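Please keep the sequence and the coordinates at hand while reading.

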Amino acid sequence: MTATSLPEPRGDVPAKAISISEFGAQKALAILAQSGKENAGVRVFIKSGGCSGYQYGMAIDDRELEGDTIVVDRGVKLLVDRMSLPLLRGSEVDFVENMMGGGFTVHNPNATSSCGCGHSFRTDGAQSPDGQGSGGCGSF
């Protein structure tokens, strides 16, 4: 297994590949504590789909897979696979609460446009990959 762990940034050390907000970390740590999985983290990934082309996904995962980038930020282990990393680099995981409830979201500097639902995005304004993403917010 070859995983890449990135340290906390100090001084001239480059920024993290991915980070989590303080409120997001509080929510994630509470969920991880209830999961019953020892040494678990939050796997953040990208898959084709959604109404804008790519869709975010998150899961509790206690496995570190070959090629994963592992970042520990604010006490939360974030795991990103090598295919998702280029699309997530520089992103921040956050937890937002609004009148409709609450949930995790990703603030992604690589997204050039996103769906109104906030769960899907594009990176270049081009058509969705593989013809995906023309069905609207409720279609994924």
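**Strand pairing around S3**

Strand S3 and strand S4 (residues 53-61) run antiparallel and are joined by 9 bridges. This is a predicted model, and the pairing can be followed at the level of individual residues, since Arg 43 stands opposite Ala 59 in S4. Arg 43 also stands opposite Leu 79 in S6, and the pairing of S3 with S6, which extends over 2 bridges, is in the parallel sense.

A further part of the model is an open sheet of 3 strands, which has mixed pairing and the order S2-S7-S8. Strand S2 (18-20) and strand S8 (101-107) are at the edges of this sheet, and because each has a single partner strand, one side of each is left without a neighbour in the sheet. From one strand to the next, the twist averages 25 degrees. Helix H1 (residues 22-35) packs on the sheet and touches S2, S7 and S8, with its direction making about 80 degrees with that of S7. Within the sheet, strand S7 (residues 91-98) pairs with S8 in the antiparallel sense over 7 bridges, and Val 93 has Val 106 as its bridge partner in S8.

Which residues of the largest nonpolar core touch the most other members? This core has 20 residues, and those with the most contacts to other members are Ile 18, Ile 20, Val 42, Val 44, Val 76, Leu 78 and Leu 88. Two or more residues come from each of S2, H1, strand S3 (41-49), strand S6 (76-80) and helix H2 (85-88). In soluble globular proteins, nonpolar side chains tend to be buried together. Leaving aside residues up to four places away in sequence, Leu 88 touches Ala 17, Val 44, Phe 45, Ile 46, Tyr 56, Val 80, Val 106, Asn 108 and Asn 110.

One of these contacts of Leu 88 is Asn 108, which lies in the loop between S8 and strand S9 (113-114). Is Asn 108 buried or exposed? Its relative accessible area is 11%, and because buried means under 20%, Asn 108 counts as buried. The side chain of Asn 108 is joined to that of Tyr 56 by a polar contact of 3.2 Å, and another polar contact, of 3.3 Å, links the side chain of Asn 108 to the side chain of Ser 91.

Terms used. Residues are numbered from 1 along each chain as its sequence is written. This is a predicted model: local features need pLDDT of at least 70, side-chain atom pairs count only at pLDDT 80 or more; totals for chains, interfaces and linings use all residues. Side-chain values use heavy atoms; hydrogens and water are left out. Two strands pair if DSSP finds at least two bridges between them. Helices (H or I, at least four residues) and strands (E, at least two) are DSSP runs, numbered from the N terminus. Axes are lines fitted to C-alpha atoms, for helices over the stretch in contact, and angles run from 0 to 180 degrees between N-to-C directions. Contact means heavy atoms within 4.5 Å. A nonpolar core is a set of buried Ala, Val, Leu, Ile, Met, Phe, Trp, Tyr and Cys residues joined through side-chain atoms within 4.5 Å. Buried means under 20% relative accessible area, exposed over 50%, partly exposed in between (1.4 Å probe, protein chains only). A polar contact is a pair of N or O atoms within 3.5 Å; within protein, one must be able to donate a hydrogen and the other to accept it, and residues adjacent in sequence count only if both atoms are side-chain atoms.
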